[in-house]
Amino acid sequence: MTAGQSDAPDQIPHRRLPFWVALALSVALVGPTLAMSGNGQGLIGTVGKSIPLVFLIGLVGVSLVGYSFVRLTRHLNHAGSAYGLVGGTIGPRAGFFSGFAMLGAYWGFSIGTLALTAAFVNSFIAALQPGTDNPYQVLWLVIVVIGAVISFLLSGRDIQLLAKILLAIEGIGILAMIVLVVAIFAQGGAPTTGIDFSVFSFSGGDVSGSAVLAGVVAAFLSWAGFEACASMGEETDDPKRNIPRALAATLILTGVLFVVVMFAQVVGFGTDAAGLEAFQSSGNTLGDLGGTYIGQWFSLVIIFTAIVSAFGCHLATSATSGRMLYAFGRDGFGPKALAHIHADTGGPRRATWLVVIVALVVDLICGATGWPDMGTGNDAIDAYFLFAVAGSVCLMVCYLLVELAAAYFIGAPKFMRVHNGAGKIAGLVLPLLGAVVIVTVLWFNVKDADSWSAAPLLGLYWCVLGLIIAVALSGIAKRVGESLALELDMTPRTADPTRSA
């Protein structure tokens, strides 16, 4: 989920990464083991056994977003993320707003994944005590403090080594998930309910359509970071061909994997009340199912990969948030103290420290107050799910702007000479259809919110704040947006007719 921009925008990285590296890094940054181990529990209370249906609908929505990224990165393949694509097409103020929404998303993910790391560590400890009715557990806030200290020490440093380790661990995790899926299907699922394909329906009216659509936000969370390879456009061989291919392949691979794995997990626990309760209260669903269907050793392997995946995601999202805070502070939005690059680490250490400190403080507040209660029975997972869903709402707002940017890129006359009008109908219809899907999902989340502090509303509050800033402080917003676009080398090149379409 990192953007990885250079502090010197005029220094273009050497193109050296082949297609498979861009694909592998994008898949790793999605974090399949993390997504499949911790993103289902919070949905049980609202959608019941229809989780696979939620993920199937989510795959359709994120695929439409993916199309827009593919369409834009065929021409705007530079070291930028969504805010760079928006700023380079719609304009700098929209780029600022998109960047502010993305900051909220990644800061929320940083808070949530720190808590989820604690949940997975306790799940690992419990797996070391097989046959124990009440296994010993460490207070999750203690693990959060230890994780924050490690994160604090690593802040502002180059995380390339971590990315390589994460890539290897995720590869093991994906293989383990495939083995687990085969084992569950081979054994016929839970003895009480078996392989139940009704999970792809609305359960005969037991689950409302609005509840399923509201749950799609959590499904989008699982694909957060799929666009990461777009930030490697200046480091990839033949980026106009390989970056779109990597984006599409990431969605295809993770899309099939997520839907199938979620289906296997639901039928593995069982689709009756007892099975769904076990799913909801699980500290690590893949680990628990691994112990049941294969053995304790397998459970330990898959939980360990989930711990590394969760903490790696925390480090990556903290680094990205810190990098964006640095950019904001440098351009006059925020304290100048954040606009500091540490001489030894070469990274924005102060800004990243702020992200980690806030993540720690928020998790400590959650632990001390018992808020939120998301119904999982696990305080750490409750905290994760609240801030992950809030972050997902911010990310969906950012994706909405990407959809509008893609349609604008095709329809605006000033970009005609860049794309030559190729595929104009699809280029207009599919992004606008994606925008409709996102708006619909967001509406059902807001409409069904049961309190002012509901997770979707927290994300919406952040986005509204960004919109107010963009309007009230339009000069600063314009300057920051322009700086982001210029830093990413976006604006000049979109209007350069010498670049091939």
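Among contacts in the protein chain between residues at least 6 apart in sequence, 82% join residues at least 24 apart; contact here means heavy atoms within 4.5 Å. The model is a predicted one, in which local features need pLDDT of at least 70 and side-chain atom pairs count only at pLDDT 80 or more, while totals for chains, interfaces and linings use all residues. Residues are numbered from 1 along each chain as its sequence is written, and side-chain values use heavy atoms, with hydrogens and water left out.

Of the 501 residues, 59% count as buried, that is, under 20% relative accessible area, with exposed over 50% and partly exposed in between (1.4 Å probe, protein chains only).

**Stop 1: S222**

Select S222 in helix α9 (residues 209–222). This serine is buried, with a relative accessible area of 0%. Display M36 as well: the two C-alpha atoms are separated by 7.7 Å, although the residues lie 186 apart along the chain. Not counting residues up to four places away in sequence, S222 touches V30, A35, M36, N39, F55 and F258.

**Stop 2: G270**

G270 counts as buried because its relative accessibility is 0%. Its C-alpha atom is separated by 7.1 Å from that of G189, which is 81 residues away along the chain. Leaving aside neighbours within four places in sequence, the contacts of G270 are A190, T193, G275 and L276.

**Stop 3: α12 and the residue G295**

Select helix α12 (residues 285–293), whose buried residues are T285, L286, G287, L289, G290 and Y293. Just after α12, G295 takes a positive phi of about 160°.

**Stop 4: α13 against α14**

Show helix α13 (residues 296–330) with helix α14 (residues 349–369); their axes come within 7 Å and cross at roughly 125°. That angle makes α13 oblique to α14. Axes are lines fitted to C-alpha atoms, for helices over the stretch in contact, and angles run from 0 to 180 degrees between N-to-C directions. Angles under 35 degrees count as roughly parallel, over 145 as roughly antiparallel, 65 to 115 as roughly perpendicular and the rest as oblique.

To see the contact, select H314, S318, A319, S321, G322, L325 and Y326 of α13 together with A351, T352, L354, V355, V356 and A359 of α14. These residues divide into eight nonpolar, five polar and no charged. Ala, Val, Leu, Ile, Met, Phe, Trp, Tyr, Cys and Pro count as nonpolar, Asp, Glu, Lys and Arg as charged, and the others, Gly among them, as polar.

**Stop 5**

P372 is found in the loop between α14 and α15. Inspect the peptide bond from W371 to P372, which is cis, with omega near 5°. Most peptide bonds are trans.

**Stop 6: α15 against α18**

Finish with helix α15 (residues 379–411) and helix α18 (residues 455–472), whose axes come within 7 Å and cross at roughly 45°. These two helices are therefore oblique to each other. On the α15 side, select L386, V389, A390, V393, C394 and V397, which meet A455, P456, L458, G459, L460, W462 and C463 in α18. By class, this contact has twelve nonpolar, one polar and no charged residues. Buried residues of α18 include G466, I469 and A470.

Definitions and conventions. Helices (H or I, at least four residues) and strands (E, at least two) are DSSP runs, numbered from the N terminus.
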